[in-house]
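Welcome, and take a moment to look at the protein before reading on. The report below walks through it step by step.

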Amino acid sequence: MRTAYSVETVRTAERALMARLPEGALMQRAAAGLAAACAQLLGRVYGSRVVLLVGSGDNGGDALYAGARLARRGAGVAAVLLSPERTHQGGLAALRRAGGTVADPSDAAGEVIRAADLVVDGIVGIGGRGGLRSDAARLAALAGASRAVVVAVDLPSGVEADSGEVRGDAVRADLTVTFGTHKPALLIDPAREYAGSVRLVDIGLELPEEAELEALQHADVAALLPVPRAESDKYRRGVVGIAAGSARYPGAAVLAVSGALRGGAGAVRYVGPAGSAVIARFPETLISDRGPAKAGRVQAWVVGPGAGDDAATVAEVLEADVPVLVDADGLRLADPDAVRARTAPTLMTPHAGEAAALLGVAREEVEGARLAAVRELASRYRAAVLLKGSTTLVADPDGGPVRVNATGTPWLATAGSGDVLSGLSGSLLAAGLSARDAASVAAYLHGLAGRYAADGAPAGAHDVADAIPGAWRDVRG
């Protein structure tokens, strides 16, 4: 499992470690890791041209010491100092001793950057707020427009470490070399797209057990997947109810059922007006036309995909004393007080537009501050929340680390993909996973299935559903 920690937590751990180490040793560890990553990118260090964009903080010191290491190996290294009077003096002296030079941060810096093979972004550290100032933004733009590989120190300058927000100009890196632990912005959009690839350098930090963010990996997901035992039958494996679809949107019901059938539950009950379409595609589905309360025993419900204006069914499902997943039209139709009053687990699965409507804010506000939005939704509605997007976030109403998932692909932005995810998540709920785990595992598998289905080309939601077993086997194997 990958974890990310807040700026405050990282700085506390750094202070504790520096108290036990000789002065400057921690910065040297970071610089060594940074220089090694840069050398690997360059391939041949001798004769290469490296430019350091150096601000006033420790990131600037890391860049200068790393530049000195590269200069000693024969690279031509030039440092552009944005705050000469506040530059890390030890790092600057080391660079000069190694043969590095200082470039004027005026228009002449553009020529140096355009000729570079690699540019190191050491402008702003993890405490930066509000985007880059104009002089730094100009240099960042020059680096982005050059042929050079751009390497960010710890975090791309201009993004906000704790929130993943980008409130102005920021460096777009090809690689970010981060120290000790991931920072939340490296895992959450919109900041994540500025980071490029991320390389973690261990510098010996001792961090608390509970992180700000968690990102599951194959082994974590495999440990959570439900596996039937010899004595299992379809009821012991869990039955999921799907209340979805309408005369206008029968396909939503079919797709939700398709995701549910591949999610580990033993059986799927369908309630709604699209029964004929569902049974024609999936004859193993148990069909009922008597409403959710009389459909038969279920261990979890999914309500809302393609429901149109059927508020009565949504309200009836919310009264059930089993876990309930609310998606799509269900999010619009559900009574907020009824959601908050539930005692059984509730999982809400909005995209950014739906989240904005639930919070009463503009969609752009949710997209720009996704971590804050998912936490606020979970707190306000007393429900687990899966916020869909290029990085899917899962928050629990009781707090704790937010789960982040990035297994998906832009090809998943297709009609019906969310219906498949809802069915898959609901099936995992019925199989006994907590709302947080069901959402996290479903997002992981759904993202992998999207990759496999697309394979670099467009894919439909039904293709994603068909690829779920392959993703499941990959995780288990």
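**Ground rules**

This is a predicted model, in which local features need pLDDT of at least 70, side-chain atom pairs count only at pLDDT 80 or more, and totals for chains, interfaces and linings use all residues. Residues are numbered from 1 along each chain as its sequence is written, and side-chain values use heavy atoms, with hydrogens and water left out.

**The whole protein**

The protein contains 19 helices and 18 strands. Both are DSSP runs numbered from the N terminus, with helices being H or I of at least four residues and strands E of at least two. Along the principal axes, the C-alpha atoms fill a box of roughly 80 × 45 × 45 Å.

Of the 477 residues, 57% are buried. Here buried means under 20% relative accessible area, exposed means over 50%, and partly exposed is in between, using a 1.4 Å probe and protein chains only. Among contacts between residues at least 6 apart in sequence, 67% join residues at least 24 apart. A contact means heavy atoms within 4.5 Å.

**Helices that pack together**

Two packed helices are described by the angle between their axes and the distance between the axes. The axes are lines fitted to C-alpha atoms, for helices over the stretch in contact, and angles run from 0 to 180 degrees between N-to-C directions.

| Helix pair | Angle | Axis distance |
|---|---|---|
| α18 (residues 435-454) and α19 (residues 461-476) | roughly 110° | within 7 Å |
| α9 (residues 250-261) and α17 (residues 417-430) | roughly 40° | within 6 Å |
| α17 and α19 | about 40° | 8 Å |

The angle in the table makes α18 roughly perpendicular to α19, while α9 and α17 are oblique to each other. Angles under 35 degrees count as roughly parallel, over 145 as roughly antiparallel, 65 to 115 as roughly perpendicular, and the rest as oblique.

The crossing of α18 and α19 is right-handed. A crossing is right-handed if the near helix is turned clockwise from the far one by less than a right angle, and left-handed if anticlockwise. On the α18 side the contact includes Y444, L445 and H446, and on the α19 side it includes A467, I468 and W472. The contact of α18 with α19 divides into 12 nonpolar, 3 polar and 2 charged residues. For these classes, Ala, Val, Leu, Ile, Met, Phe, Trp, Tyr, Cys and Pro count as nonpolar, Asp, Glu, Lys and Arg as charged, and the others, Gly among them, as polar.

The crossing of α9 and α17 is right-handed too. Its contact is made by A252, L255, A256, S258, G259 and A260 of α9 with D419, V420, G423, L424 and S427 of α17. By class there are 6 nonpolar, 4 polar and 1 charged residues in the contact of α9 with α17.

Helix α17 also meets α19, again in a right-handed crossing. In this contact, S417, V420, L424 and L428 of α17 meet A461, A465, I468 and W472 of α19. The residues of the contact of α17 with α19 are 7 nonpolar, 1 polar and no charged.

**Two buried residues**

A35 lies in helix α2 (residues 25-42) and is buried, with a relative accessible area of 6%. Leaving aside neighbours within four places in sequence, A35 is in contact with A66, R69 and L70.

D329 is part of helix α12 (residues 329-333) and counts as buried at 18% relative accessibility. Not counting residues up to four places away in sequence, D329 touches G304, G306, A307 and G308.

**Backbone details in loops**

Most residues other than glycine have a negative phi, and most peptide bonds are trans. Which residues have a positive phi although they are not glycines? R382 has one of about 55°, and D455 has one of about 50°. R382 sits in the loop between α16 (370-381) and β16 (384-387) and is exposed, at 56% relative accessible area. D455 is in the loop between α18 and α19 and counts as exposed at 69% relative accessibility.

Finally, the peptide bond from D189 to P190 is cis, with omega near 10°. P190 is found in the loop between β7 (175-179) and α7 (192-195).
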